[in-house]
Amino acid sequence: MIQTRNLAFAHPGAAPLVFADLDVPQGSTLLLRGASGSGKSTWLSLAAGLRSPSVGQITVARQALVGMGNAARDLWRAQAIGFLPQKLHLSDALTVHGNLALVYFAAGLPQDDAAIRHALDALGVADLADRKPEQLSGGQAQRVALARAVLLAPAVILADEPTASLDDDAARAALDLLQTSAQRCTATLVIATHDRRVEQAL
Ligand code: ADP
Ligand code: MG
């Protein structure tokens with residue numbers, strides 16, 4: 001679940017972005033629409049606790065984010081949030097398997113190799129476990145990033161422009177995988193997009 005009240009954020013030197021109050025029930029899907037530059041990525045960063053709002057309150061996965069310390073917030077994020085960023089941020093220094101293993105490290109949990117294999121398998125990329133991300137196609141890399149996002153069955157999945165630069169078939173497949181993955185862990189799913197194909201597909 002996600003609840004926001006009077007939420008606003010001002011980037012340095014810019015006019016504040018003011019966001020509508022939202023109540024998103026657990027397990028539902030929210031489409032964050034808006035033109036480029038309207039503040040979608042900024043809102044996602046607030047929901048992930050990567051930024052603190054200039055004013056207002058935000059509660060995500062039963063955690064009030066304002067006033068949390070940085071360490072607690074980083075641990076909370078690692079455990080409760082599955083983030084699929086627009087730029088995937090997979091480490092080319094590690095294998096696909098190693099990239100997923102980092103999730104456990106960040107969350108303070110023992111590494112579960114069987115769960116990593118299972119998550120990759122669910123997204124059809126189990127055979128890529130020993131490759132480096134730079135050896136993957138764009139679509140494969142996105143599946144790996146999604147497997148990483150849902151590995152710990154997060155309460156909330158945040159996806160930033162997940163269909164950008166995908167053709168129609170790949171876009172439909174990506175949305176399908178996102179929704180299936182969210183349903184599998186009864187996660188709340190937020191998709192930020194300015195792609196009109198997304199609302200037609202949902
Ligand atoms: P969207 O994701 O909807 O395209 P963003 O949240 O990325 O929108 O950006 C919203 C506004 O905030 C834009 O005007 C953008 O230029 C500005 N902005 C985004 N990130 C920064 C930043 N790091 N520093 C200053 N301004 C920023
Ligand atoms: Mg954006």
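The crossing of H3 and H5 is right-handed in this predicted model. Helix H3 spans residues 96-107, and its axis lies 9 Å from that of H5. The two helices pack at an angle of about 25 degrees. Angles under 35 degrees count as roughly parallel. H3 and H5 are therefore roughly parallel to each other.

Helix H5 also meets helix H6. H5 covers residues 138-150 and H6 covers residues 168-184. Their axes come within 11 Å and cross at roughly 15 degrees. That angle makes H5 roughly parallel to H6. The crossing of H5 and H6 is right-handed.

Now the ligand. Which residues surround ligand 1? The shell consists of His11, Leu17, Ala35, Ser36, Gly37, Ser38, Gly39, Lys40, Ser41, Thr42 and Arg51. By class, two of these residues are nonpolar, seven are polar and two are charged. Helix H1, residues 40-47, supplies the largest share of the shell, with three residues.

| Residue | Ligand 1 atom | Distance |
|---|---|---|
| Histidine 11 | nitrogen | 3.5 Å |
| Lysine 40 | oxygen | 2.8 Å |
| Threonine 42 | oxygen | 2.5 Å |

On the protein side, the histidine 11 atom is an N or O of the side chain. For lysine 40 it is a polar side-chain atom. For threonine 42 it is again a side-chain N or O. The protein covers 57% of the 560 Å² of accessible area that ligand 1 has on its own.

H5 is roughly parallel to H6, and H3 and H5 are roughly parallel to each other. Around ligand 1, the shell includes His11, Lys40 and Thr42.

Technical notes
Residues are numbered from 1 along each chain as its sequence is written. Chains are lettered from A and ligands numbered from 1 in the order in which they are written. This is a predicted model: local features need pLDDT of at least 70, side-chain atom pairs count only at pLDDT 80 or more; totals for chains, interfaces and linings use all residues. Side-chain values use heavy atoms; hydrogens and water are left out. A residue is near a molecule or strand if one of its heavy atoms lies within 4 Å of it. A polar contact is a pair of N or O atoms within 3.5 Å; within protein, one must be able to donate a hydrogen and the other to accept it, and residues adjacent in sequence count only if both atoms are side-chain atoms. Accessible areas come from the Shrake-Rupley method with a 1.4 Å probe; for residues, only the protein chains shown count as cover. Helices (H or I, at least four residues) and strands (E, at least two) are DSSP runs, numbered from the N terminus. Ala, Val, Leu, Ile, Met, Phe, Trp, Tyr, Cys and Pro count as nonpolar, Asp, Glu, Lys and Arg as charged, and the others, Gly among them, as polar. Axes are lines fitted to C-alpha atoms, for helices over the stretch in contact, and angles run from 0 to 180 degrees between N-to-C directions. Angles under 35 degrees count as roughly parallel, over 145 as roughly antiparallel, 65 to 115 as roughly perpendicular and the rest as oblique. A crossing is left-handed if the near helix is turned anticlockwise from the far one by less than a right angle, and right-handed if clockwise.
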